Amino acid sequence: MSEFAVKCERLRKAYGPVVAVADVSLSVRRGECFGLLGPNGAGKTTTIEILEGLLSADAGDIEVLGLRWSHHAEELRQRLGIQLQETQLPDKLTVEETLRLFRSFYANGRTIEELLQIVGLEGKRASRVGKLSGGQKQRLSLASALAGNPDLLFLDEPTTGLDPQSRRQLWMLLEQFRERGGTILMTTHYMEEAEYLCDRVAVVDHGKIIAEGVPQELIARLGEPRVITHHGTLEDVFMSLTGRHLRDD
Amino acid sequence: MTEHSAHPLVQLTLARIREFLREPEAVFWAFVFPIVMSLALALAFPSEATRDVLVGLEPGPASQGLRATLEASKGITVREIRPEDERRALREGTVNVVVVPTTPPTYRFDPARGESQLARAVVDDALQRAAGRTDQWTAREEPQQVAGSRYIDWFIPGLIGMGLMTNGMWGIAFGIVQARMRKLLKRMVASPMKKSQYLLAQLLARLLFLPAEVLVPLVFAMVAFGMPVNGNPLTIAIVVLAGAFSFGAFGLLMAARVRTIEAISGLMNLAMLPMWIVSGVFFSSSNFPDAIQPVIQVLPLTALIDALRAVILDGASLGAIRSDLAVLGVWGIVPFFAALRLFSWK
């Protein structure tokens, strides 16, 4: 068994003249939480969707859980948990019905009770999805990604748009997933999220990885803080590499 | 340990059914609307055929003699119409003909309207006879009330056909386009769900709604209007299934790539509106010129309504409606495979 949960070399994807992913190589170890960090439009989503087998790359070599999409798509689908950036689950279904639906796609996995309990939605089981708060919807989305008891979880900006409290709550759930031995590959444009959750991060800009490493090391590599009055953050790493802020807001 | 988990096809079908039933508007259009529609049309076109013709006369002494004659005749109702209201009254059908007291009388009527033509003939007959015309003979009349020949009887199969089209196309297409728009399709194919099962579930959910969709207006018409159902229930069911499949496949094709509700609404109207008009829902498609009849006859709604009327009203056999079934079959199979080829999950 490969020691890597995800391994890709020289990934490339262009839409006509627009190069979304120019050259990305990365490897995620089993049990690790790996973050793809970068501003909107950097190529994070394209990269993760190629690794999820939802997009095909123009060039590059991909191995997920030691398997390849070209030969083992069905097995991979059974063993991965995927949360997409913009999915809206059906408003008219209840929490429990939604989980039953997703659970039915997997040969093996967790019970509905376990899933409800993991994400703390036992009290909301009979509520319509449309009536849930943003944080609750995101937890339901995570629960549906966990339905097949995956080895590897792909998360695309899992906390975008959430209030700080809901974000914290989701971080705790992801930590619990890791404590049980799960591997996470996630994208984010929140520095504090990457610093809190990720063992290693790759900073992506214009479809390329411009820095990679343990968050604290990347921050330490900055050397003498220039204008930094607070302790260094990944935000500073990004600024020193590109001269730009990570977020426009 | 895994708990017993229901089959994905069951869960997908259940999800579709729940989404539909929890959408009050959708339920209204599918089940309540046909009843409202048939009630309204039954009121507008009463079943008793013995309606008087409506004759307009201007008030005043000049019309006195005419009024006396016409009021004494059977089947004529006289209404006073002032000259300035005449055109309006004719247009609205308040009167079918206006008689002006000249010698001989002048008839003002619209020859393009059947009831106007009829009124002219009835009035002329009454006046001629009063003026001393002697008839050669009087024909013996045997009035018949043929069950199934009333407008409402003719209309109900058309209504059922229209419902199968509207609900079939919307029922399939709306859910798919919405799921694509909400990136739910993409999320589903990121799971081990089988694509074929998703599509099959959409068709299955339609299938489960069919009995109610057809039986509600049919039973309502039988009870409320005494509409006769002469066909074999199995033959009716086969026609309904063929129609549902045809329009379901058509809906699937429309939804294969569309990404917005606005776009699918436009496409749907483009496809359905011409058929509402030419396929004989409200009036016979034979009203249209011979030149376009070949086109009208190969439309799926024309075929479905023809077959429904033949089976429900005349008790036709499957053999008698085979050309209609063939049209529906082609409209089902070709779009179905085209849809599978074109379908976008992203």
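The model is predicted, so local features are reported only where pLDDT is at least 70 and side-chain atom pairs only at pLDDT 80 or more, whereas totals for chains, interfaces and linings use all residues. Residues are numbered from 1 along each chain as its sequence is written, while chains are lettered from A and ligands numbered from 1 in the order in which they are written.

Chain A contains nine helices and nine strands, where helices (H or I, at least four residues) and strands (E, at least two) are DSSP runs numbered from the N terminus. Its C-alpha trace spans about 55 × 45 × 35 Å along the principal axes. For 249 residues, a compact globule would have a radius of gyration near 18 Å, and the 18 Å of chain A agrees with this; the radius is taken over C-alpha atoms, and the globule rule is 2.2 Å times the number of residues to the power 0.38. Of the contacts in chain A between residues at least 6 apart in sequence, 68% join residues at least 24 apart, a contact being a pair of residues whose C-beta atoms, placed from the backbone, lie within 7 Å.

Buried residues account for 46% of the 249 residues in chain A; a residue is buried if 20 or more other C-beta atoms lie within 10 Å of its own, exposed if 12 or fewer, and partly exposed in between, with C-beta atoms placed from the backbone. Helix α1 of chain A (residues 44-51) is largely enclosed by the rest of the structure, because eight of its eight residues are buried. Just after α1(A), G53(A) adopts a positive phi of about 75°.

Chain B is divided into domain 1 (8-44 + 150-342) and domain 2 (53-130), with bounds that come from an automatic or database domain assignment. The centres of domain 1 and domain 2 of chain B, taken over C-alpha atoms, are separated by 46 Å.In chain B, four strands form an open sheet in the order β2-β1-β3-β4, with mixed pairing; two strands count as paired if DSSP finds at least two bridges between them. The edge strands, each pairing on one side only, are β2 (76-80) and β4 (106-109) of chain B. Neighbouring strands of this sheet are turned by 30° against each other on average, direction ignored; axes are lines fitted to C-alpha atoms, for helices over the stretch in contact, and angles run from 0 to 180 degrees between N-to-C directions. Helix α3 of chain B (residues 64-72) packs on the sheet and touches β1, β2 and β3 of chain B, its direction making about 145° with that of β2(B). Helix α5 of chain B (residues 114-130) lies across β1, β2, β3 and β4 of chain B, at about 70° to β1(B).

Within the sheet, β1 (residues 53-57) and β3 (residues 97-100) of chain B pair in the parallel sense over three bridges, and V55(B) has V97(B) as its bridge partner in β3(B). By contrast, β3(B) and β4(B) pair in the antiparallel sense over four bridges, with T106(B) in β4(B) as the bridge partner of V100(B), and a hairpin of five residues joins β3(B) to β4(B).

Between the chains, 22 residues of chain B are in contact with 25 residues of chain A. On the chain B side, the elements that give two or more residues are α1 (8-21) and α7 (184-189) of chain B, and α1(B) provides the largest share, six residues. The residues of this side divide into eight nonpolar, five polar and nine charged, where Ala, Val, Leu, Ile, Met, Phe, Trp, Tyr, Cys and Pro count as nonpolar, Asp, Glu, Lys and Arg as charged, and the others, Gly among them, as polar.

Terms used: Contact = placed C-beta atoms within 7 Å.
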